Amino acid sequence: MIQLNSRLSHDIKKNDFSLSHMVKNYEGRRTFLRTIELDINRAESYGKKLQREFEREYETLETCNHILSASEEDQADLDETEEEEGIIKRQTDQINPSEDNGSLIEDTLKTDDQLS
């Protein structure tokens with residue numbers, strides 16, 4: 001009987017020791033899990049912050065590109081307007097000759113009269 005009690009007592013101590021290690025292991029894992037969750041939350045918060053910052057920078061870049069393209073379009077419109085004004089002036093000069101062109105036309109008419 002004494003041997004049986006001794007063996008049972010040894011098994012109880014062994015199980016109690018194992019159980020205490022399991023509890024410590026469980027608590028350690030739970031602490032580790034909390035630490036990991038905090039790290040994940042920090043990383044997600046930082047990621048969201050970077051995303052907002054990126055969106056602001058992208059909006060700024062988009063605004064700058066819009067301004068630049070608008071100024072390029074204005075310059076192109078100005079160039080086209082100047083070109084159209086030059087064409088209109090040449091056409092007007094052909095339709096309504098200036099004094100220099102008038103004397104040239106008169107000289108041409110005189111030459112035609114002399115030939116006929």
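**Reading the labels on a predicted helical chain**

The chain has 2 helices and 0 strands. The model is predicted.

User: How much of the chain is buried?

Analyst: Buried residues make up 0% of the 116 residues. The label needs a relative accessible area under 20%. The chain exposes about 11200 Å². Carbon and sulfur atoms supply 56% of that area.

User: Why are Arg42 and Asp39 called a salt bridge?

Analyst: The distance from N to O is 3.1 Å. The cut-off is 4 Å, from a side-chain nitrogen of Lys or Arg to a carboxyl oxygen of Asp or Glu. The value lies within the cut-off, so Arg42 and Asp39 count as a salt bridge. The count by this rule comes to 1 salt bridge. In general, side chains of opposite charge can pair when their charged atoms come close.

User: Where do these two residues sit?

Analyst: Arg42 and Asp39 both lie in helix α1. They are 3 residues apart, about one turn of the helix.

User: Why is the pair called stacked?

Analyst: The planes of Phe54 and Tyr58 stand at 25 degrees. Stacked requires under 30 degrees, so the label applies. Phe54 and Tyr58 both lie in helix α1, 4 residues apart, about one turn of the helix.

User: Which residues form the patch of positive charge?

Analyst: Lys48, Lys49, Arg52 and Arg56 gather in that patch on the surface. Lys49 is found in helix α1. Lys49 has 46% relative accessibility, so Lys49 counts as partly exposed.

User: Which residues form the nonpolar patch, and what makes Val23 accessible enough to belong?

Analyst: Leu19, Met22 and Val23 form the nonpolar patch. Together they have about 290 Å² of accessible area. Val23 is found in helix α1, which spans residues 2–95. Val23 has a relative accessible area of 39%. The patch rule asks for over 30%, so Val23 passes. Val23 is labelled partly exposed, because 39% falls between 20% and 50%.

Conventions: Residues are numbered from 1 along each chain as its sequence is written. This is a predicted model: local features need pLDDT of at least 70, side-chain atom pairs count only at pLDDT 80 or more; totals for chains, interfaces and linings use all residues. Side-chain values use heavy atoms; hydrogens and water are left out. Patches are made of residues with over 30% relative accessible area and no salt bridge: like charges are joined within 9 Å, nonpolar side chains (Val, Leu, Ile, Met, Phe, Trp, Tyr) within 5 Å. Accessible areas come from the Shrake-Rupley method with a 1.4 Å probe; for residues, only the protein chains shown count as cover. Buried means under 20% relative accessible area, exposed over 50%, partly exposed in between (1.4 Å probe, protein chains only). Rings of Phe, Tyr and Trp (its six-membered ring) pair if their centres lie within 6.5 Å; planes under 30 degrees apart count as stacked, over 60 as edge-to-face and the rest as tilted. Lys and Arg count as positive and Asp and Glu as negative; His and the chain ends are not counted. The place of a charge is taken as NZ of Lys, CZ of Arg, CG of Asp or CD of Glu.
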